[in-house]
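This report goes through one protein model, from a helix pair to a metal site and then the chain as a whole. Please have the sequence and coordinates at hand.

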Amino acid sequence: MPVVNRIADMQDEVTAWRRDFHENPELLYDVQRTAGVVADKLRAFGCDEVVEGIGQTGVVGVIKGRSNGSGKVVGMRADMDALPIDEATGLPWASRVPGKMHACGHDGHTAMLLGAAKYLSETRNFDGTAVVIFQPAEEGGGGGRAMCEDGMMERFGIGEVYGMHNMPGIPVGAFAIRHGPMMASADLFSIRIEGVGGHAARPHQCIDTTLVGAQIVTALQSVVARNVDPIHSAVVSVTSFRTGTDAFNVIPQTVELKGTVRTLDPDVRASVEKNFRRVVESTAVAYGAKVEVEYRHNYPVTVNHAAQTDFAAGIAAQVAGEDRVDLGVAPLLGAEDFSFMLNERPGAFIFLGNGDTAAVHHPAYDFNDEAIAFGCSYWARLAETAMPAS
Ligand code: NI
């Protein structure tokens with residue numbers, strides 16, 4: 001069974017919504033316009049309940065099936081936020097907001113879930129309750145965590161939850177998923193090194209924080225190379241190195257380093273943190289400097305649950321065909337805050353092919369509208385198959 005005919009007929013309408021979101025990108029929790037459009041449409045579709053302001057600016061729509069909502073409750077989630085990037089596509093629907101751009105396709109995710117909500121509200125060909133979840137602040141702000149902390153799962157009685165992300169490099173009309181870890185944990189660190197500043201010509205009277213910082217950057221690479229089992233994956237990336245001076249002849253009093261740690265396993269995550277702290281602190285001590293480490297646990301590993309992964313792959317196969325579903329895609333070391341929802345309820349996260357486009361987070365990226373019918377149909381069939389009408 002290919003894409004849903006009624007959804008194929010909605011292609012132009014959903015594309016128009018997608019391009020409207022694309023022209024009007026908003027960042028993190030400041031998605032008031034997008035959330036307002038989403039809530040207005042959900043009400044216009046006839047959703048039984050539309051709740052705004054969950055997780056600050058998140059929106060939830062409730063669609064009851066034929067038996068008026070008895071039975072299962074299935075959550076389906078899209079993200080609404082854009083990125084602080086200047087768009088370089090030159091497309092007619094390019095961002096109208098300087099410095100903001102839908103460079104991760106969340107405009108497409110939102111439009112596709114809206115399309116499915118419209119279809120499900122019209123047809124109600126299921127026996128249970130479909131809950132459509134539109135979250136803010138996926139791009140580093142933890143909007144998924146905020147919605148969970150607001151009690152979303154309990155309030156709407158959600159039993160299972162599903163997520164989707166478009167993926168450049170996977171053909172349009174194809175899907176990819178895997179059991180277990182799908183996306184990485186993302187922790188953030190800041191390191192403040194304090195030495196003794198002074199004249200660059202008198203290093204013996206100083207404790208050179210630039211040298212200490214450089215040694216720490218180098219030594220940190222031993223954590224992945226020498227402390228992590230080579231069968232496992234981990235990344236330690238120092239992304240910022242700031243001395244307190246811009247001069248040619250000053251040894252800076254302080255240096256600040258920042259970066260991120262990625263892993264695909266909670267045990268590896270804990271072990272990397274422990275070794276990270278040891279390397280940073282003991283390297284600073286070796287050079288006589290003081291160091292403060294701020295190590296923030298941000299997104300957890302996105303772990304797909306076994307039964308729901310098989311179910312999701314089956315739905316994708318219904319929509320795209322068996323040979324267009326990759327059930328063994330390699331995990332990514334990018335992170336995803338749908339992980340917070342998967343930590344609360346069983347579910348699965350799937351990739352939807354975006355074709356041969358620029359990568360996500362690139363200024364030339366654009367969501368591929370040809371993928372809309374596949375993404376919308378996936379959501380519609382997921383609800384109808386998870387909660388079959390009696
Ligand atoms: Ni994204």
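At what angle do helix α2 and helix α11 pack, and how far apart are their axes?

## Helix pair

The model is predicted. In it, helix α2 (residues 11-23) packs against helix α11 (residues 372-386) at an angle of about 100°, and the two axes are 10 Å apart. Angles of 65 to 115 degrees count as roughly perpendicular, so α2 is roughly perpendicular to α11.

On the α2 side, the contact is made by Gln11, Val14 and Thr15. Ile372, Ala373 and Cys376 contribute from α11. Sorted by class, this contact has four nonpolar residues, two polar ones and no charged ones.

## Nickel site

The nickel ion has as protein donors Cys104 through SG, His106 through NE2 and His165 through NE2, at 2.1 to 2.2 Å. Along the chain these donors follow the spacing C-x1-H-x58-H.

His106 belongs to helix α4 (residues 106-123) and His165 to strand β5 (residues 160-167); the pair is 59 residues apart and links distant parts of the chain. Both histidines, His106 and His165, are buried.

## Whole chain

The chain has eleven helices and 16 strands. Its C-alpha trace spans about 80 × 45 × 40 Å along the principal axes.

Of the 390 residues, 55% are buried. Among contacts with a separation of 6 or more, 81% join residues 24 or more positions apart.

Technical notes:
Residues numbered from 1 in each chain as written. Predicted model: local features only at pLDDT ≥ 70, side-chain atom pairs only at ≥ 80, totals over all residues. Heavy atoms only, no water. Axes fitted to C-alpha atoms, helices over the stretch in contact; angles between N-to-C directions. Helix = DSSP H or I, 4+ residues; strand = E, 2+ residues; numbered from the N terminus. Parallel < 35°, antiparallel > 145°, perpendicular 65-115°, else oblique. Contact = heavy atoms within 4.5 Å. Nonpolar A, V, L, I, M, F, W, Y, C, P; charged D, E, K, R; others polar. Donors = N, O, S within 2.8 Å, 3.2 Å for Na, K, Ca; no water. Buried < 20%, exposed > 50% of the residue type's maximum accessible area, 1.4 Å probe, protein only.
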